[in-house]
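The following exercises concern a model of two protein chains. Please work through each task before reading its solution.

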Amino acid sequence: MSVIVFVEHDAGTIKKKNFEAVHYASGIAQKMGTTVTAVILGIVDNAEIEKLGAYGAQKVLHVEDSRLGELHPRAYTSALLTAIEKEGGKIIITLNDINGRAVAPRVAAKLKAGLVVGALTYPDMDKGFVIKKAVYSGKAFAYVNITSDKKVIMLMPNTFPITETTGKTVIEKLVVDFSGKDFGIKVNEVSKVTGEVSLSDASLVVSGGRGMKGRENWYLIEDLAKELGAATACSRPVSDADWRPHHEHVGQTGGTIRPDLYIAVGISGAIQHLAGVNGSKTIVVINKDPEAPFFKAANYGVVGDAMEVLPRLTEAVKKFKQHK
Amino acid sequence: MKILVCISQVPDTSTKVVLKDNSTTIENAGVSYIINPYDEWYALIRAIELKESGIASDVDLVTVGKANTEPVIRKALALGGDKAIRIDAESTDPYLTAVYIAEYAKSMDYDLILCGKESIDYNNGSVGSMLAELLDMDYIGFATEIKIEGNTAVVKREIEGGEETDSCKFPLVISCQKGVAEARIANMRGIMAARTRPLTVITPTVDDALTSILSYELPPAKAGVRLIDPADMDELVELLHAEAKVI
Ligand SMILES: Cc1cc2nc3c(=O)[nH]c(=O)nc-3n(C[C@H](O)[C@H](O)[C@H](O)COP(=O)(O)OP(=O)(O)OC[C@H]3O[C@@H](n4cnc5c(N)ncnc54)[C@H](O)[C@@H]3O)c2cc1C
């Protein structure tokens, strides 16, 4: 009854957050005295899959079917259920991300397994099976006890630091008996933003608010983000005004992010905005108004005009990188 | 074509969370409640648009909640919708919520079930996907545009690092986010009409919750901001490197 972890990949490349999910599964497996079986779907090289061993997967079940390169929630669910049954798995780990949300709740409903979305801790097994998660988009945390025999946990990405070990893995092919219904969704067109760091994965984020005055000034945010290797985000009015695409909108009614560094420029720090970003490890606020509420939630503050401060900061980062 | 919209009642977004009873409960005195923004701004309004353009014949609303959720359901009916169903139970566990809605919806032949991307209180975003499993339907999450062509939904949705367009035959469940519809406010006629639209209360077959919340905690307060001279960004970079260790 090994711990099952669903590992996603981006066209054959496994990302850091997926290694983190394996690492998390491994932490739970060790506590329970069992092993980890990872499940990976679609076309991926063995050399890439073998990397999972270093994060604690003793075994990988690989469903090598090219149709699984696209997200088909029902097919993914069928594949996971086949793997769970084969391994007698009772604990299933996925990430709390777009694909995880399409699959994990389905698996949980099918297995009648209690579900925790956005786990921030390992389960506390002394008190039952208790996991901490953010509620009210980060305004509070809840300790959720899973009372069912089977359990599905969706880990919040970027929660645990990961380290490579010398562990090795064994790859087995898994054949799944898909039904016609499993591929009921037809994917007509995919457009990926390339060359930019995606917001949900980013450990550094530069974010702009209405204080940036207009879309024509966004190059200042982008220049800094580029220099740092950061993703860009924005407040809601900014995406409402179409200065920025809506997927960059963070807050209680946008994305919730937990980067290592969040630089907020010209954002007042309304409670709805803070809700989505207050899990960030370090917050820097740049605002010309010393009374802006965001300063209360910040680690470092710069009172000044963004148009002047941003180029200076970008320059300073450039200098720092050269001398490092 | 028949649409069901799932509506959840949530605390207003400006709510400050206060804990009580030894941190086992969130204080609800003084909290005002709203329709979950994703359910209202996107799922419900899109359903109403589809009805107005003659594509949808019926738009029904469903919520899982006790009698205290009725004002919010009436507010939703004031925006539009033919009738509302309140399933008389506390919605504490996403699985239970999905089971109750599925029990009601399974014999109703809905072509399309719309819900919001997540509720802004418990942020689980899992009821839609569970519902699809329980009703043996397809599910498309994080939609940013929904068009109907005959018996097919053509949906733009967010994917990791981009966007894709899917099509799927009815019946299916779609979770909605920004882009799906333009927010609007209820007018007086809607508010008056909502009073006469039927609101049916049904009692679900009680099932067991699979999770329970033992306690809550508030985020630790920040130690206080350290102000940096706006002329000296080298200092900030140095602190981010040496002290915060984030770059
Ligand atoms: C139901 C609901 C849900 C909401 N959800 C969200 C959400 O998810 N996310 C979100 O962000 N908001 C959300 N909001 C809106 C939120 O309440 C705030 O209105 C919004 O966050 C403010 O955005 P802002 O800080 O960019 O703009 P403002 O509040 O206008 O602040 C602009 C800031 O820029 C500063 N500034 C101006 N010029 C300069 C300059 N030259 N240099 C430096 N600083 C400057 C000003 O001092 C000010 O502090 C929601 C609101 C409601 C009612």
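**Exercise 1. The fold of chain B**

What percentage of the 247 residues in chain B is buried?

Solution. The model is a predicted one, in which local features need pLDDT of at least 70 and side-chain atom pairs count only at pLDDT 80 or more, whereas totals for chains, interfaces and linings use all residues. Residues are numbered from 1 along each chain as its sequence is written, chains are lettered from A in the order in which they are written, and side-chain values use heavy atoms, with hydrogens and water left out.

Step 1. Apply the criterion: buried means under 20% relative accessible area, exposed over 50%, and partly exposed in between (1.4 Å probe, protein chains only). By this criterion, 54% of the 247 residues in chain B are buried.

Step 2. Chain B has 6 helices and 15 strands.

**Exercise 2. The interface**

Solution. Step 1. Count residues in contact (heavy atoms within 4.5 Å). Chain B contributes 76 residues and chain A contributes 89 residues.

Step 1. State the buried area, which is the accessible area (1.4 Å probe) that two parts lose on being put together, summed over both. The two chains bury about 7,400 Å² between them, 56% of it on carbon and sulfur atoms. In chain B, the residues that lose the most area to chain A are B:Glu160, B:Lys178 and B:Lys222, together 10% of what that side buries.

Step 2. Find the salt bridges (a side-chain nitrogen of Lys or Arg within 4 Å of a carboxyl oxygen of Asp or Glu). The interface holds 10 salt bridges. A:Arg74 and B:Asp136 form a salt bridge through their side chains, at 2.8 Å from N to O.

**Exercise 3. One residue at the interface**

Solution. Step 1. Locate the residue: A:Thr77 belongs to helix α3 (residues 73-87) of chain A.

Step 1. Compare its accessibility with the criterion: A:Thr77 counts as buried because its relative accessibility is 2%.

How values were computed
Helix = DSSP H or I, 4+ residues; strand = E, 2+ residues; numbered from the N terminus.
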